[in-house]
Every structure is written in structure tokens, then in C-alpha cells.
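Colleague: I've got the model open on my screen and I'd like to walk through a few spots with you. Shall we go?

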Amino acid sequence: MKLVQFGDVHLDAPLEKFTAQTARLLRARARELVSRAVDLAANQGADAILCTGDLFDSPRPYLDSVRYVRDQFAKTDIPVFISPGNHDPFTPSSPWAAVNWPGNVHIFSSPHGERLVLPGFSVTGWANTAQRQSHAPLEGAWEKSDILLFHGEIAEDSPYFHASQAQITASGAGLLAMGHIHGHFTKTLGRTLVSMNGGLQATKFGETGQKGAVIISLDPGEVKADLVPLGGTRCFELAFSDGEIPDLSALCPFPPGDTLLDLTLTGAPLTSREELLAKTEGFLQVRITDLRRAPRELPTGKSLGALFLRRAAETELSLLATEFGLAALENREQPHAEE
């Protein structure tokens with residue numbers, strides 16, 4: 001059996017940390033990635049599509065976006081199973097309940113689970129019904145299935161949907177498909193493969209690693225999951241100290257034009273900040289975090305500024321934090337963070 005899993009697309013997210021141009025591009029690309037994920041399922045001859053929640057960024061997305069997603073699912077006859085997440089929970093006024101979805105789409109609507117039996121396999125899915133909901137789906141009585149589907153995390157306790165490692169092991173399922181954590185990983189607990197899809201693209205700085213949909217092969221005695229990139233935006237983190245500025249484009253494992261570059265500066269001040277900025281050209285957007293340390297040649301006087309600088313050096317306060325402190329002491333404009 002072959003399955004395609006994706007989620008955490010966050011359609012219509014405001015993306016306020018980005019420039020207006022970057023935000024528009026990411027929102028448009030998110031739509032296109034949903035289409036590519038459905039096409040991947042069709043091209044792979046998938047038996048089902050598993051959507052693990054947070055397809056939309058809010059309980060009330062734009063109707064145009066809802067119609068777009070509906071049309072993408074309607075272009076195939078592959079069964080689609082959707083487990084609403086904490087950003088797009090199932091409520092009576094949500095698009096999950098208010099929109100007429102195609103016949104091949106099944107939306108789980110209860111936090112207590114629902115079991116479906118199809119030719120060759122069974123699936124039990126749960127739905128977030130609030131944006132913040134501490135609930136353990138695998139706790140207590142529920143119907144066993146080959147495939148489990150919910151939006152949450154692996155934890156003993158959490159303010160969100162969660163399941164402990166012991167509960168997952170005891171489930172006896174072949175697959176637990178999950179969303180919520182924006183980083184892809186797989187983990188085997190007992191006979192259950194846990195697959196966290198991790199999102200189709202980066203939606204903010206810090207969401208590093210490859211992104212895409214997951215192709216899962218579920219066969220008796222063997223479950224395998226492979227992440228397939230679909231061309232979404234990725235985030236690349238790099239920290240470097242003083243010295244020669246590296247070729248950032250050559251170091252980046254992704255196409256620079258589709259990449260959020262997250263730079264951290266450490267050590268002594270750069271010899272050429274202009275050269276650094278020139279080498280960031282071509283990336284989709286760049287964030288620079290300045291963690292350079294305060295200078296060691298410090299004033300010996302008894303002024304408040306001198307005392308502050310010595311204390312900043314003793315506590316290894318970053319240069320940027322030191323600059324903010326001095327600006328406050330001297331009652332002048334604060335330095336600007338770069339992004």
C-alpha cells in the first residue's frame with residue numbers, strides 16, 4: 001500500500017516577519033505546493049492521501065483558498081483523509097463543516113476518534129476542535145487500526161494533542177501519521193512507524209531542513225517513509241566568526257532564490273560588512289543576528305557607561321545587546337536589527 005502524507009501548509013498565514021513581497025510569494029507558493037502534493041499522489045498511484053492538519057492557518061481562511069483546496073482534491077479519485085489541526089480546528093463554522101467537499105474527502109470531526117474500514121486497510125483519525133486543546137487521543141478506549149492520523153506531538157503531556165511513546169508502542173498500528181512539528185522526522189516505536197510530515201515549505205526563519213510531502217509504503221512487516229521535496233521555500237542557517245566571508249551561495253544546499261538565509265555573526269567585528277551584504281544578494285530574504293562579543297579593551301573610569309561596558313564583557317553580553325544598553329544610557333536612538 002502506498003500513501004502520501006502532508007500538512008502544516010498554513011494557507012493564508014499573515015507571515016508578518018517577512019517583507020510584503022516575500023510574504024506574497026510564500027502564500028502563493030503554498031497554494032501551488034498543495035496542488036503538487038496531490039499530483040504526486042496521483043503520479044505515484046497512491047492508495048490514499050493523509051492530510052495531518054493546519055492546512056489553513058486559521059479557523060476562518062479566505063473562501064477563495066478553501067475553494068482552491070477543494071478543487072485540488074476534486075481532481076483525483078484518491079481517498080483523502082483530513083485530521084484538522086490546532087490552527088484550523090473542526091468547528092460548526094469551520095470550512096471543514098460549512099463547505100461541500102468532494103466525495104473522496106473524509107474529514108475527521110471528533111477529538112475522540114473515528115474508525116473507517118476500506119478495502120485492504122483501516123484508518124482511525126482524530127480532530128482538534130479548538131485552537132488550544134490538551135488531549136491524548138491514544139489514551140483510553142478507541143478502535144485499533146492499521147493507520148492512525150492526528151495533529152499533535154509525542155509527549156507525556158502538552159497543551160496540544162499528544163501521545164506518549166508508550167501509548168504509541170501499545171497502539172499496535174503500522175503507521176501513525178502526524179503534523180504539528182515543522183520539521184520532518186520518522187521514529188519507530190514497537191511496530192509503529194511515526195511520520196511527522198514537517199510542512200511543505202518553511203514558513204518562518206528557524207524552520208531548517210528539507211521540506212516536502214512524505215511517500216509511505218505500508219506493507220505487512222515493513223513500513224517505509226521517504227520525504228519528497230516539491231520545490232517549496234527552505235531555510236538555511238549559518239554561523240561564522242571573523243575572517244574571510246564565505247561564499248554563501250556555494251554553502252547553501254538549496255537554490256538561493258528559494259531560500260531564507262539565517263546568518264549569525266560571532267567573534268570580532270567583520271572587516272567588511274558591505275562585502276557580507278553583497279554576498280547575501282540573490283537569497284529570498286536574509287536575517288542577520290549579531291552575537292559578536294563586547295570588546296576586551298575596556299575603559300577603567302567610574303562613569304556609568306564604563307561600568308556597564310565592563311559588566312557586559314564579564315557576562316559575555318553580545319555586541320548588539322551592548323549597543324542597545326549604551327544607547328539607553330546615553331538617551332539616543334536604539335540600533336536597528338537587520339532583517
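Colleague: Which residue in strand 6 is the bridge partner of Arg115?
Modeller: Keep in mind that this is a predicted model. Strand 5 (residues 114-118) pairs with strand 6 in the antiparallel sense, over five bridges. Within that pairing, the residue of strand 6 that bridges to Arg115 is Thr124.

Colleague: And which residue in the turn between strand 5 and strand 6 has a positive phi?
Modeller: Those two strands make a hairpin, with two residues between them. The phi in question is about 95°, and it belongs to Gly120.

Colleague: Which residue in strand 7 does Thr124 stand opposite?
Modeller: Strand 6 also pairs with strand 7, this time in the parallel sense over three bridges. Looking across from Thr124 to strand 7, you find Leu148.

Colleague: How many of the residues of strand 6 are buried?
Modeller: Phe121, Val123 and Gly125 point one way from the strand, and Ser122 and Thr124 point the other way. Both sets are buried. That leaves strand 6 mostly covered, with the buried count at five of five.

Colleague: Is Ser145 buried or exposed?
Modeller: Ser145 sits in the loop between strand 6 (121-125) and strand 7 (147-151). Its relative accessibility is 7%, and the cut-off for buried is under 20%. So Ser145 counts as buried.

Colleague: With which side chain does the side chain of Ser145 make a polar contact at 2.6 Å?
Modeller: Leaving aside neighbours within four places in sequence, Ser145 is in contact with Arg115, Ser122, Val123, Thr124 and Ala173. Its side chain makes a polar contact with the side chain of Arg115 at 3.2 Å. The 2.6 Å polar contact is with the side chain of Thr124.

Colleague: Moving to helix 1, how far apart are its end C-alpha atoms?
Modeller: Helix 1 covers residues 20-44, which is 25 residues. At 1.5 Å a residue it should span 36 Å, and the model agrees with that. The helix is followed by Gly45, whose phi is positive, near 65°.

Colleague: Which helix is included in what covers the buried residues of helix 1?
Modeller: The buried residues of helix 1 include Leu26, Ala30, Leu33 and Val38. Their cover includes strand 1 (2-6), strand 2 (48-51), strand 13 (213-219), strand 14 (222-228) and strand 17 (285-290). The helix included there is helix 2 (63-74).

Colleague: What is the volume of the largest cavity?
Modeller: The structure holds one cavity of 30 Å³ or more. Among the residues lining the largest cavity are His10, Leu11, Asp12, Leu26, Ala30 and Gln201. Its volume is about 60 Å³.

Colleague: What separates the C-alpha atoms of Phe56 and Gly85?
Modeller: Phe56 is in the loop between strand 2 and helix 2, and at 0% relative accessibility Phe56 counts as buried. Phe56 and Gly85 are 29 residues apart along the chain, yet their C-alpha atoms are separated by 8.8 Å.

Colleague: Last one: which residue in strand 16 is the bridge partner of Phe236?
Modeller: Strand 15 (residues 234-240) is largely enclosed by the rest of the structure, because five of its seven residues are buried. Strand 15 pairs with strand 16 (residues 259-265) in the parallel sense, over seven bridges. In that pairing, the partner of Phe236 is Leu261.

Note on methods. Residues are numbered from 1 along each chain as its sequence is written. This is a predicted model: local features need pLDDT of at least 70, side-chain atom pairs count only at pLDDT 80 or more; totals for chains, interfaces and linings use all residues. Side-chain values use heavy atoms; hydrogens and water are left out. Helices (H or I, at least four residues) and strands (E, at least two) are DSSP runs, numbered from the N terminus. Buried means under 20% relative accessible area, exposed over 50%, partly exposed in between (1.4 Å probe, protein chains only). A polar contact is a pair of N or O atoms within 3.5 Å; within protein, one must be able to donate a hydrogen and the other to accept it, and residues adjacent in sequence count only if both atoms are side-chain atoms. Contact means heavy atoms within 4.5 Å. The expected span of a helix is 1.5 Å times one less than its number of residues. Two strands pair if DSSP finds at least two bridges between them. On a 1 Å grid over the protein atoms alone, a cavity is a set of points where a 1.4 Å probe fits but cannot get out, and a pocket is an open set with protein on both sides within 12 Å along at least five of seven lines; lining residues have an atom within 4 Å of a point. Grid points are joined across faces, edges and corners, and a volume is the space filled by probe spheres set on the points.
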